Structures are given as structure tokens and as C-alpha cells.
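I opened this entry to look up the ligand site and its surroundings. Notes follow in the order I checked things.

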Amino acid sequence: MTYRPKILAFAGSLRKDSYNKKLVKIAVKGAEHADAKVTYIDLKDYPLPIYDQEIEETSGLPENAVKLKKLMWEHDGFLLALPEYNSSLPAVFKNVIDWTSRNASKDEVYLSCFIDKAVAMMSASVGGLGGIRGLVHARAMFSNVYSMVLPAQKCIPFADKAFDGSGNLANPADQKEVLAIGEKLSRFLMKHKG
Ligand SMILES: Cc1cc2nc3c(=O)[nH]c(=O)nc-3n(C[C@H](O)[C@H](O)[C@H](O)COP(=O)(O)O)c2cc1C
């Protein structure tokens, strides 16, 4: 049977009109075009407290952290668009990583929801650098939890002017490159996991 990559896609923003949500949804189309089965989620649907070791020690992982871990286990790759906050990662995204990096049960392999996952990243920012500084930190973080980050990435600067009314990028070359990020993730998984 032909292998179809399973990809989990989300943005590191809770904002309803998030540019990063728009961006990742374009890349989802690219991944689907390259035959991936994509699950898009909105982190707004998985609210979590700020990671606190005392919460973990007294109550274990919050239900939404366990749900996110399960989704991560069920997928082969992650397609992400991350805003840059103060030259680094947005707290909502880092908090998801911190909670899901913790074991939900004793017999679980540490970091197993990250190990060997393929990750493709993008960012959109209202600033002129397009959020690239945040991706540097995301790349380092994923490498250290044993994920494989694709070399290709795409940053969209001046995001408040970059999208058209349908959520696509007004610049056709940018639109093509973002579609290609999704396609590349799917093809990478076919090559390495198929
Ligand atoms: C706390 C905070 C810090 C920010 N820091 C940066 C930054 O370092 N670089 C940047 O380009 N934009 C920065 N921004 C602006 C974001 O690019 C902008 O809010 C963007 O719309 C966030 O992505 P979203 O639309 O997906 O929510 C910051 C915004 C906030 C609220």
C-alpha cells in the first residue's frame, strides 16, 4: 500500500486573524497536493497553564497537553508557522513544547513525541525580517529534541500587507514558495519513512 505522510499543522499564535495561521494554511495545501494527510489544529482549542513543575508533580499533565502529545505521536511530521516575539519564540508555542516534552506515563520514552519527526517551519511578521530570528531558536530547539528540521524555510515580512482577501499571499512567488514548503515536507517523509 502506498505510504501517505501524516502531518500535524499549526501556528504559534492564538490570534483569530493571525498571519501565521494564514501562512500555515497555505503550506497545508502544498502538503495535501503532495499527497499528505494533514491535520490542522488551532492552539486556541488547547488552552494550557504556563508550565509549572508543581502542577505536574501534583496533578500530572493537563488534559490538553496529553491530547497534543497524542496528536504528535500520531503524525510523522509537523508543519509550523511561528510568529517572532522579542526576537525569539512566542510563549504559547514554547509552552506547548515544554508541556508535551514531559512524560504522561512512566513507561513512555522521553521526548518520544519529537524523536524522528520531520519539521518544516515558516514565519510571518509585521516587521521587515519576517520572523527569521524566532526560527533560528525553533530550529535549535527541535534539533535538541531529536526532530529533523528541513533546511528549507520561508519568512514573510510586512505580513499586514502580504495577504489578499482570500488568505493567499499577494506575491505569486511567495505563494509558490510557501506551497513548496508543505510539498517538501510531504516528499521528505515519503522518501525517509515510506
Ligand atoms: C509581545 C510581542 C513581541 C513581538 N516581537 C516581535 C519581534 O521581535 N519581531 C517581529 O518581527 N515582530 C514582533 N512582534 C510583532 C508580530 O510580528 C505581530 O504581532 C504578528 O502579527 C504576530 O503574528 P500573528 O499575526 O500570527 O499573531 C511582536 C508582537 C508582540 C505582541
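I count a polar contact as a pair of N or O atoms within 3.5 Å. The model is predicted.

The side chain of serine 13 has an N or O atom 2.7 Å from an oxygen atom of the ligand. For serine 125, I noted a polar side-chain atom 2.5 Å from an oxygen atom of the ligand. The ligand taken alone exposes 620 Å², and the protein buries 73% of that.

Ligand shell. I listed 14 residues around the ligand, with Ser13, Ser18, Asn20, Glu84 and Ser125 as the closest. By class, the shell holds seven polar, four nonpolar and three charged residues.

Asparagine 86. I placed this residue in the loop that runs between strand S3 (77-81) and helix H4 (91-100).

Largest pocket. I recorded a volume of about 180 Å³ for the largest pocket. Its lining includes Ser13, Arg15, Ser18, Tyr19 and Asn20. Pro83, Glu84, Tyr85, Ala124, Ser125 and Val126 are also in the lining of the largest pocket. I sorted these lining residues into five nonpolar, four polar and two charged.

Key:
Residues numbered from 1 in each chain as written. Predicted model: local features only at pLDDT ≥ 70, side-chain atom pairs only at ≥ 80, totals over all residues. Heavy atoms only, no water. Helix = DSSP H or I, 4+ residues; strand = E, 2+ residues; numbered from the N terminus. 1 Å grid on protein atoms, 1.4 Å probe; cavity = no way out; pocket = protein on both sides within 12 Å on 5 of 7 lines; lining within 4 Å. Points joined across faces, edges and corners; volume = space filled by probe spheres on them. Nonpolar A, V, L, I, M, F, W, Y, C, P; charged D, E, K, R; others polar. Near = heavy atom within 4 Å. Polar contact = N/O pair within 3.5 Å; in protein donor to acceptor, adjacent residues only side chain to side chain. Areas by Shrake-Rupley, 256 points an atom, 1.4 Å probe, with all protein chains shown as cover.
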